[in-house]
Amino acid sequence: MRKILILDSRDNIAVCLVDLEIGDTVEQDDISIKVLNRIPRGHKIATQVISKNDGVIKYGERMGHAVAPIAIGEHVHVHNILGDRLSSAQS
Amino acid sequence: MSEKLFAYLRDDGRWGLRNNVLVLPLHSALASSARTIADTSDGAVAISHDWSGEIDSDLTRILFTLSGYASNPNNYAVVFLIIGSAEEKSIIDGAQALGLKNFTVLSLPEIGSLEKLQSDALVVANKYVVEAKSQKRIEAPWSAIVLGLECGGSDALSGITANPALGVASDRLVELGATSVLGETTEILGAEHLLAARAIDPEVGKRIVAMVSRYEASINYEGIDIRGAQPSRGNIEGGLSTLEEKSLGAAKKAGNAPLTGVLEFGERPLTPGLYFMDTPGHDIEQLAGFGAGHINVVVFTSGRGTPTGSAIMPTIKVSTNTPMYSAIPDLIDLDAGTIADGIETLAQVGDRIFDEIIEVANGKLTKAERGGHHEFALSRMYKTVIGEYQ
């Protein structure tokens, strides 16, 4: 049973297939990630370090950018990323 | 599984994956007759529609849709039922120009009796069915496949299971030399610049961006702001963070292949590759546009499930979640929910979808075909203008 889904090898996030709790460890294929926040099923977890303003890559494509530095194992969502298209309208 | 294709070769070099005899009413008043004829025939199919020949504000779009649908390469022959208008003649002329060879036109005013129209049509339809059955499939190149990509009743899993798995299958087919067509302009809002970045040349990229802007302007005209409220509160609770992410989840049905071209509603792709067609989000109108654009097989991903099918194009249904697949197994061909349960990988499900497309292309009946689901709806940009029939 896999806990996360990496949609493309270029991605820096993965989709959680189960609810993850702080301190959980995801060990799958050749990756090992320590979970830093509570992350619900269907939400995203960082699989790589994402610096502020770096692109968030899902499906091998840019879906937005980080508005704060994101560590491996951190929840990636509206609190730390923003879409590229609507950033001006939202700020 | 055989990785060879066997299809019906048309005189003009196009390939059919089915050999349909289509009874096509060109006036809505003949729709029930068309159904009766098909139901009593030895295997003809029929569609009905709501257009009665009035001078609709969308006249060009309607005529083009019906001409394209009639000339779809999956049709061996068409029996047109008409009431004798100039618009009906232009549909038939248009179908011929698009490659339709075998057809018969039966006119109600000329025959003078609905009963006789139906019995004449039945004789003609049955003759075509015999001919169609005697035609043999021959080995076909990969370019024979013109795949339509559709989703309807999406759920939180669509973007991580069925859609990207279909993208894997679509990419494999495009790589082999087939054609794949993504539709639903509503669904790619916010991801158009990402599709444009994959365009084979800057002109194609500009066209897709312009097509989405045109659509947005038409929505704004109606006073609806679709972009501002995306992703919705429910989407955010489900884990989607940006509009791009949501639209990518839908656009991923088209995988990562380069974008070869952009098509207007019902326009045919003329060379192999991945295309985007400007179609509405309404599933059945979109299927009509795919049929008019000479697409010959469709994969339809769904989260809520749907019986939708087409009279002329085999439509393979893929569920995004296993509970829905288990609930309506007679409607859904394949389950992609296994990805979310960590049982199968995207690549494994993508390969299953690929294999199913080949088997269906080679003649395996889809569940929608076995169930006789023959939906059709004309797409209109504007409200219908009621006019007198002339």
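In which loop of chain B is B:G153 found? In this predicted model, B:G153 sits in the loop that joins β8 (146-152) to α6 (162-176) of chain B. With 17 C-beta neighbours inside 10 Å, the residue counts as partly exposed, because a residue needs 20 or more such neighbours to be called buried. When residues up to four places away in sequence are set aside, B:G153 touches B:S302, B:G303, B:R304, B:G305 and B:T306. The C-alpha atom of B:G153 is separated by 9.3 Å from that of B:D283, although the two residues are 130 residues apart along the chain.

B:G183 is buried, with 31 other C-beta atoms within 10 Å. Not counting residues up to four places away in sequence, its contacts are B:G148, B:L149, B:E150, B:M277, B:T279, B:Q286, B:G289 and B:F290. The two glycines are set out below, each with one C-alpha separation.

**Chain B as a whole**

Chain B contains 15 helices and 14 strands. Its radius of gyration is 21 Å, close to the 21 Å that the globule rule gives for 390 residues, so chain B is as compact as a globular protein of that length. Taken along the principal axes, the C-alpha atoms of chain B fill a box of roughly 65 × 50 × 40 Å. Of its 390 residues, 55% count as buried, and among the contacts in chain B with a separation of 6 or more, 72% are between residues 24 or more positions apart.

**Domains and core**

The domain assignment of chain B gives domain 1 (20-134) and domain 2 (142-370), and the C-alpha centres of these two domains of chain B lie 29 Å apart. Where they meet, 14 residues of domain 1 of chain B are in contact with twelve residues of domain 2 of chain B. On the domain 1 side, β3 (20-25), β4 (45-46) and α2 (59-70) of chain B each supply at least two of the touching residues, and the largest share, five residues, comes from α2(B). By class, that side of domain 1 has seven nonpolar, six polar and one charged residues.

The largest nonpolar core has 134 residues, and those with the most contacts inside it are A:I45, B:V23, B:L81, B:L147 and B:I357. Both domain 1 (20-134) and domain 2 (142-370) of chain B give residues to this core, so the core lies between them. For B:L81, the contacts beyond its neighbours within four places in sequence are B:V23, B:P25, B:L26, B:L30, B:S33, B:A34, B:L106, B:L117 and B:A121.

**Contact between the chains**

The contact takes 20 residues from chain B and 24 residues from chain A. On the chain B side, the elements that give two or more residues are α10 (233-238) and α11 (243-251) of chain B, and α11(B) gives the most, with four residues. The class make-up of this side of chain B is ten nonpolar, seven polar and three charged residues. Nine of the nine residues of α11(B) are buried, so this helix is largely enclosed by the rest of the structure. The buried residues of α11(B) include B:E244, B:E245 and B:K246, as well as B:L243 and B:L248.

**Annotated spans**

UniProt, in an unreviewed entry, places the feature "domain: D-galactarate/Altronate dehydratase second" at residues 7-114 of chain B. Over those residues, chain B is 36% helix and 24% strand, and the end C-alpha atoms are 36 Å apart. For chain A, UniProt lists "domain: SAF", also from an unreviewed entry, at residues 11-82. In the model, residues 11-82 of chain A are 0% helix and 40% strand, with their end C-alpha atoms 16 Å apart.

Definitions and conventions
Residues are numbered from 1 along each chain as its sequence is written. Chains are lettered from A and ligands numbered from 1 in the order in which they are written. This is a predicted model: local features need pLDDT of at least 70, side-chain atom pairs count only at pLDDT 80 or more; totals for chains, interfaces and linings use all residues. A nonpolar core is a set of buried Ala, Val, Leu, Ile, Met, Phe, Trp, Tyr and Cys residues joined through C-beta atoms within 7 Å. A residue is buried if 20 or more other C-beta atoms lie within 10 Å of its own, exposed if 12 or fewer, and partly exposed in between; C-beta atoms are placed from the backbone. Domain bounds come from an automatic or database domain assignment. Two residues are in contact if their C-beta atoms, placed from the backbone, lie within 7 Å. The radius of gyration is taken over C-alpha atoms; the globule rule is 2.2 Å times the number of residues to the power 0.38. Ala, Val, Leu, Ile, Met, Phe, Trp, Tyr, Cys and Pro count as nonpolar, Asp, Glu, Lys and Arg as charged, and the others, Gly among them, as polar. UniProt positions are given in the numbering used here, feature names are shortened, and annotations may be inferred rather than shown by experiment.
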